[in-house]
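Please keep the sequence and the model in view while reading the points below.

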Amino acid sequence: MLPWKSIIVVDRTDHRPVYLQISDSIISEIMQGRIKKGMKMPGSRTLAQLLIVNRKTILQAYDELMAQGWMEIIPTKGTFIKESLPEIKQQPLVETSSIEIINASNEDFSKYEVPRGAHVIDDGTPDYRLAPIDLLLKTARSVSKGSIGKAVIQGNHFFGEKTLRNGLTNYLSSTRAINGSANNILITRGSQMAIYLSFATLLKKGDRVIVGELNYHSADRAIRTSGGQLVKVPVNHEGLDIKAIEKEAQQNKIKALYVTPHHQYPTTVTMPVENRMKLLNLAEQYDFHIVEDDYDYDYHYERSPILPLASIDRNNRIIYIGSFSKIIVPSVRIGYMFASEPIIRACGELRMIIDKLGDPILERALAEMLRANEIDRFLKKAVNRYKIRRDLFCSTLKAGLGSAVDFAIPDGGMAMWITFRNIKIEDLIREAEKIKLSLKIDVYEKKENACRLGFASMNEEEIVTNTQILIQAVRNC
């Protein structure tokens, strides 16, 4: 007899009914070849005693297995695994597979996990404790009721909830001077989906895409996955090197360019308006599209921000991408893209393959908050708070490390670009882990001693504590 007590484990804390846990375990054993076809199963009383469950639970499990076609009752003989099942040979445990995985990366996703009890410095995310999450959820509950809720739930929101798309046209016009209609807007699950859809729509295999030699790694992956070839240009104190872009466009056909002009990712430098105009002229002259990722436009501390490239685009060269995930919290996945109607339609049709309707209730709730100016009110408070945190982070770091670090105080955003003298970032991450500081940051091959460190997600007390630990890690390197 098989060791039923060992191979069928019942988890009393699991919300899944016990009889289904039992049937799932039996199916798993069949698929792994340990329970053979034609095998006689223990009687319900016997198995119930072995597993310490009610006999009715075993009968329910057997009924489920018979209903699914795994078992059969043979009169006067008992309950058996079906003979008609295909032969399944028990397989040895192996770590490799003959199945080819397309577009798989070698990225170590464990680096994003935070050990229990560790202090955290990330690469620039908002503080969920300040975000109007309760108001968003309260508004969502209100929206879901009555005739409005029925219309939202049953609507065909293939390109995003209609009220939010209409509200965004006003929002983009008043905050960024980007003018258009709801037909120019597609709602996405955060900005990353918008980046992927843009390049998946624009590119054919081998198309050349200009990016900074220091760039948002997820954008690079989206381009490569879409068949694009990365063409890297230098990043200087004004963002992407315009002369290098022009040289590349003169020598080879360029299909698209990815840029974060407000605060270049990761270095946080701002592209001046004259360079933005030159870049737009190059796009028109050499016939390529610009994917403008404006991930943190709403956070500026010293002056009004320079308007996006999309605000001066007159020839439909720009695909403009924004996200409310950077305003509220990353787990609230609402982003958007603004582009010409043909591009929006193509991206929308592609998006429907993987996510047909998005989250219309949450999108409508956000639309209501935009209409009531709740997002504007929150942003004013957040900007004031983040400015205080930026200043404290910079002063504490400089006081503790002096000439061992070099950085410019950013005029906006949620992070800063820091260069450490004679220290590799990989070594710093390891030393920090030893003293319970988790650095949730990327390592850049072109700048082994520089990294992006965020300040917005930490309150003032956390900034002081975490920075002191960081200073100790630097000294330990």
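The model is predicted. Under the distance rule for such pairs, 23 salt bridges are counted. Strand β5 (residues 208-212) is mostly covered, with five of its five residues buried, while β13, β14 and β16 form an open sheet of three strands.

**Salt bridges**

- Side chains of opposite charge can pair when their charged atoms come close.
- D24 and R16 form a salt bridge in which the closest N and O atoms are 2.7 Å apart.
- D24 has a relative accessible area of 31% and is therefore partly exposed; R16, at 38% relative accessibility, also counts as partly exposed.
- R129 forms a salt bridge with E462, and the closest N and O atoms of this pair are 2.9 Å apart.
- This pair links distant parts of the chain, 333 residues apart: R129 lies in the loop between β3 (119-122) and α5 (133-143), and E462 lies in helix α16 (residues 460-476).
- R129 counts as partly exposed at 38% relative accessibility, and E462 is partly exposed with a relative accessible area of 28%.
- A salt bridge also joins E368 to R371, with the closest N and O atoms 3.1 Å apart.
- E368 and R371 both belong to helix α13 (residues 360-371), where they are three residues apart, about one turn of the helix.
- R371 has a relative accessibility of 61% and so counts as exposed.
- Through shared partners, salt bridges join D127, R129, R389 and E462 into one network.

- β5 runs parallel to strand β6 (residues 229-233), and five bridges join the two.
- Within this pairing, R208 stands opposite Q229 in β6.
- Together with helix α9 (residues 217-225), β5 and β6 make a right-handed β-α-β unit.
- β5 also pairs with strand β9 (residues 256-259), in the parallel sense and over two bridges.

**The open sheet of three strands**

- The strand order in this sheet is β13-β14-β16, and the pairing is antiparallel.
- Because β13 (405-407) and β16 (450-454) stand at the edges, each with a single partner strand, one side of each is left without a neighbour in the sheet.
- From one strand to the next, the twist averages 35°.
- Three bridges connect β13 with strand β14 (residues 415-420), and these two strands run antiparallel.
- F407 stands opposite I418 in β14.

- V273, M277 and I312 make a nonpolar surface patch of about 250 Å².
- I312 is located in the loop between β10 (289-293) and β11 (318-323).
- The relative accessible area of I312 is 34%, so this residue is partly exposed; a residue must have over 30% to belong to a patch.

Note on methods: Residues are numbered from 1 along each chain as its sequence is written. This is a predicted model: local features need pLDDT of at least 70, side-chain atom pairs count only at pLDDT 80 or more; totals for chains, interfaces and linings use all residues. Side-chain values use heavy atoms; hydrogens and water are left out. A salt bridge is a side-chain nitrogen of Lys or Arg within 4 Å of a carboxyl oxygen of Asp or Glu. Buried means under 20% relative accessible area, exposed over 50%, partly exposed in between (1.4 Å probe, protein chains only). Helices (H or I, at least four residues) and strands (E, at least two) are DSSP runs, numbered from the N terminus. Two strands pair if DSSP finds at least two bridges between them. Axes are lines fitted to C-alpha atoms, for helices over the stretch in contact, and angles run from 0 to 180 degrees between N-to-C directions. Patches are made of residues with over 30% relative accessible area and no salt bridge: like charges are joined within 9 Å, nonpolar side chains (Val, Leu, Ile, Met, Phe, Trp, Tyr) within 5 Å. Accessible areas come from the Shrake-Rupley method with a 1.4 Å probe; for residues, only the protein chains shown count as cover. A crossover is right-handed if, with the strands pointing away from the viewer, the path from the first strand over the helix to the second runs clockwise.
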